Amino acid sequence: MEFLLVLIFPVVAFLVVGLLGRRLGDFPSAIITVLASSLSFLFSLYAALQAIKNPVHVPLYTFILLQSKPLELGLLFDTLSSVVATLVTFVATFIFLYSIGYMRNLFGQWTYKFYAYLSFFLFSMLLIVLSDNLLLLFFGWEGVGLASYLLIGYFHEQRKATNAALEAFVMNRVGDWLFLLGILMSFITFGSIRYQEMWEKAHLVDPLMLSWACLLLFGGAVGKSGQVPLHTWLPNAMAGPTPVSALLHSSTMVAAGVYMVARLHPVFEASDTALKVIVVVGSVTALMAALAATSHTDIKKIIAFSTMSQLGLMFIALGLKDKLAGSFHLMTHAFFKALLFLAAGSVIHTFHHKVHDIYEVGGLRSKMPVTYLSFMVGALALAGVFPFAGFWSKELILGRAYEASFGIGVLVSVVSVLTAYYIFREGFVMFHGEERKGGAHESEGVMILPMAVLMLGSVFAGFGVWWYGSLMGKEVHIHGDTVVLSLVIALVGIGVAYSVYVKRWLSAEELYRVLRPLHTTFREQFFTERFYHKTLAGGYMRISKGLHTVWERVLIDGFINLLALLYVKLVRFLWMKLDIMVVDLLVNGVARFTFKTGRTVRNFQTGLLNHYVAFLLAGMVFIFGIIIKFMR
């Protein structure tokens, strides 16, 4: 029962806040949400301590018979799932706490719905993490998709937010179709969709079928984790409230694709084709997103592109059969990415949500010292500077990349240099230099506390690499040459940003003028977003409008109008020729005949006795005449 409580608390909070939040009020709803996630974290921690030694399986429900075999849905607490569940609930709890301060100015406007959505999101994510089979994972998969749609579009009065929510919904549905087909293909291939059976049969099934199953499943991961080509929704999803951005990008929704591949890694490892595709997609996404981040100026979009890039690095590690490096970067990334978003949200919040571009602010270092420290700690961890958390996980990926291929190693190095550059570019522009906008002040305590906790995680989480390696049954190798390379890479990126945006040894304006074509290409994400929006979506709309005009308005409507015209003419003809000339003539003729007959006959009804006697005599003469006639 205690294992089930990990899931029960968030779903109870969702039901209570969703059904009674209007009566309870926004602040009590927020408290209930935070308490539920806190309790879920405590029981996740308890479950992890139990499951690390001995995995625990919790059967839930017999769903359906498949080929005379019952499909049992259940939860599986093992090393990976229990550690990730603990991380998810821990990070989510502090993001929920932060959101009390961030959303306070909206209290009284039915903000309880926001907290109900957060609890539902957490429940769905835990369902993904703890499921023991693909079907239950898919339920959670769709749950986070629905919750993210509601949360991204929470500011529904803003057109940008509704468009972003719709784009996220559509893009994820494309990936979800592939994922659903992958589940069906997995069942055909393995005869089961339970992880344990799939792991055991991975090297026994048909390789071609296995590759198709893996590729289709990975298609779902591409959509959920914002990888090329289903990537454009992720940066645009920043239109939602900042706690939502932090929640999506830490260890939850966008990491679900990486987690799914790590969860099924024994299956993916058996397909070289699938692994190669994963490496290619991860490499392209990591580089493209890093380049895009160097040219964007939106406070949250830069961090969002960073998430895409880092997820690409995780996929590279998984594609190179290094589950330890990929999943450990997922762990450390949760801390510093959530921290960066909360720090960015603190900046946005202090200007009452009216500032979204890094060049609108400056010199915030003295006005917001805790936020500045938080952002810089997150940036150092993301850049991979020793001893911050990102250093350890990124070093594992870098070392594995160079072991596998010099080309992949160079690509990871280039991405890491760009990462250090763009994140410190954002930090230097916002917190250093001249003050461009007045009125900044440090955020309140309820927002500071989560940032402080995540700062500790961003600093120290990397030191758990050996402990995590032992849990995963892998030996951790820290290579001296790649350690030096990691540091050089981070310092080069930071040094370039420092030279341009702090010391101004190089003019950013002059660089922009010289590199404008490249800047435009990067900013437009190599024109993929424009291609999707203008060519695909726009073309679809133009074709739809053309078909509407030609097919519906001209052909279908024309045919129907022609039928209506012919019908009117036929009715008019029948009215003129049949109704008026035949029916009316007949009816009127009968009426006239009856009228004339009646008028003639009424002359016999005079009321005079002599007339009646005369008629009687005439009748009698007539009758006698007939009798005499026949008697002759």
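Mentor: Let us begin with a cut-off: a residue counts as buried under 20% relative accessible area, as exposed over 50%, and as partly exposed in between. Bear in mind that this is a predicted model.

Trainee: Is Arg-400 buried, exposed or partly exposed?

Mentor: Arg-400 meets Glu-403 in a salt bridge of 3.7 Å, N to O, and both residues lie in helix 17 (residues 389-404), three residues apart, about one turn of the helix. Because its relative accessibility is 23%, Arg-400 counts as partly exposed.

Trainee: Which residue forms a salt bridge with Arg-173, and in which helix is that partner found?

Mentor: The closest N and O atoms of the pair Glu-142 and Arg-173 are 3.5 Å apart. The bridge links distant parts of the chain, 31 residues apart, with Arg-173 in helix 6 (residues 159-190) and its partner Glu-142 in helix 5 (residues 134-152).

Trainee: What is the relative accessibility of Glu-524, which forms a salt bridge with Arg-530?

Mentor: The closest N and O atoms of Arg-530 and Glu-524 are 3.1 Å apart. Arg-530 is partly exposed, with a relative accessible area of 42%, while Glu-524 counts as buried because its relative accessibility is 19%.

Key. Residues numbered from 1 in each chain as written. Predicted model: local features only at pLDDT ≥ 70, side-chain atom pairs only at ≥ 80, totals over all residues. Heavy atoms only, no water. Salt bridge = Lys/Arg side-chain N within 4 Å of Asp/Glu carboxyl O. Helix = DSSP H or I, 4+ residues; strand = E, 2+ residues; numbered from the N terminus. Buried < 20%, exposed > 50% of the residue type's maximum accessible area, 1.4 Å probe, protein only.
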